[in-house]
Amino acid sequence: MLCRLCDNQIRDEGVAIFTNEFLKYKALKGLTLGNNRITGEGGRYLANAIQRSKAIYYVGMWGNKIGDEGAKHFAEAIRNHPNLSAVSLAANGITFSGGKSLAAALKENTVLKSLWLHDNELTDDNAADFAEVIRSSTTIHQLWFINNKMTVNGVRLLASSLQYNPSITMLCMKDNLLSAEEVKEFENETRMVF
């Protein structure tokens, strides 16, 4: 069973009620709560429920406001989850510390295939952390960093790590802080999308 609750103005209080209910139903495989009004507190409720639900494999949380607090809770849910293969935390106000937590969790995760972090505030410092993930992960296939705050230096770190990981199929870097001339530097790396 998939549950899609997008654009419903759901707030943290609603997430608290919903997560208590969804844990009763072991059949829930996917959950989309995009474009609601969920903050770090609601992110904590949801991440805790995801951590306890071993059946769920997809979570879409784009367009909320979970910030670094929520990202840290999601990192704990991702860290050792046995089935979670795709997570979108796009457009959630995630900055350096939230990105660092997510990267640390991915280093231990052996299942996640796709992580969407576009439209956040991730920087070159986060690129260094995710470059380590790319070098060490055998399961991650796609990382989406569209419209963050990475410069050519951070993108170089990510690009150089690709040589160590043939399982990465897509590294999306569009609309970061690179000039058209800087983007040309990566035109031979077919797994990078600008």
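Student: What should I know about the model and its numbering?
Tutor: This is a predicted model, in which local features need pLDDT of at least 70 and side-chain atom pairs count only at pLDDT 80 or more, while totals for chains, interfaces and linings use all residues. Residues are numbered from 1 along each chain as its sequence is written, and side-chain values use heavy atoms, with hydrogens and water left out.

Student: What is the strand order of the open sheet of 8 strands?
Tutor: Strands here are DSSP runs (E, at least two residues) and helices are DSSP runs (H or I, at least four), numbered from the N terminus. Two strands pair if DSSP finds at least two bridges between them. The pairing is parallel, and the order is E1-E2-E3-E4-E5-E6-E7-E8.

Student: Which are the edge strands?
Tutor: An edge strand pairs on one side only. The two are strand E1 (2-4) and strand E8 (192-193).

Student: Why is H1 called roughly parallel to H2?
Tutor: Axes are lines fitted to C-alpha atoms, for helices over the stretch in contact, and angles run from 0 to 180 degrees between N-to-C directions. Angles under 35 degrees count as roughly parallel, over 145 as roughly antiparallel, 65 to 115 as roughly perpendicular and the rest as oblique. The axes of H1 (residues 12-22) and H2 (residues 40-52) come within 8 Å. Their crossing angle makes the pair roughly parallel, at roughly 10°.

Student: How many nonpolar, polar and charged residues has the contact of H1 with H2?
Tutor: Contact means heavy atoms within 4.5 Å. H1 contributes residues including Val 15 and Phe 22, and H2 residues including Tyr 45 and Leu 46. Ala, Val, Leu, Ile, Met, Phe, Trp, Tyr, Cys and Pro count as nonpolar, Asp, Glu, Lys and Arg as charged, and the others, Gly among them, as polar. The contact has 7 nonpolar, 2 polar and 2 charged residues.

Student: How do the residues of the contact of H4 with H5 divide?
Tutor: The axes of H4 (residues 96-108) and H5 (residues 124-136) come within 9 Å and cross at roughly 10°. H4 and H5 are therefore roughly parallel. The residues in their contact divide into 6 nonpolar, 3 polar and 5 charged.

Student: Is Asp 129 buried or exposed?
Tutor: Asp 129 lies in helix H5. Leaving aside neighbours within four places in sequence, it is in contact with Phe 96, Lys 100, Ala 103 and Lys 107. Buried means under 20% relative accessible area, exposed over 50%, partly exposed in between (1.4 Å probe, protein chains only). At a relative accessible area of 9%, Asp 129 is buried.

Student: What distance separates the C-alpha atoms of Trp 144 and Val 193?
Tutor: Trp 144 is found in strand E6. Val 193 is 49 residues apart from Trp 144 along the chain. Their C-alpha atoms are separated by 9.3 Å.

Student: What is phi of Asn 35 near?
Tutor: Asn 35 sits in the loop between E2 and H2. Asn 35 counts as partly exposed, at 37% relative accessibility. Most residues other than glycine have a negative phi. Phi of Asn 35 is positive, near 55°.
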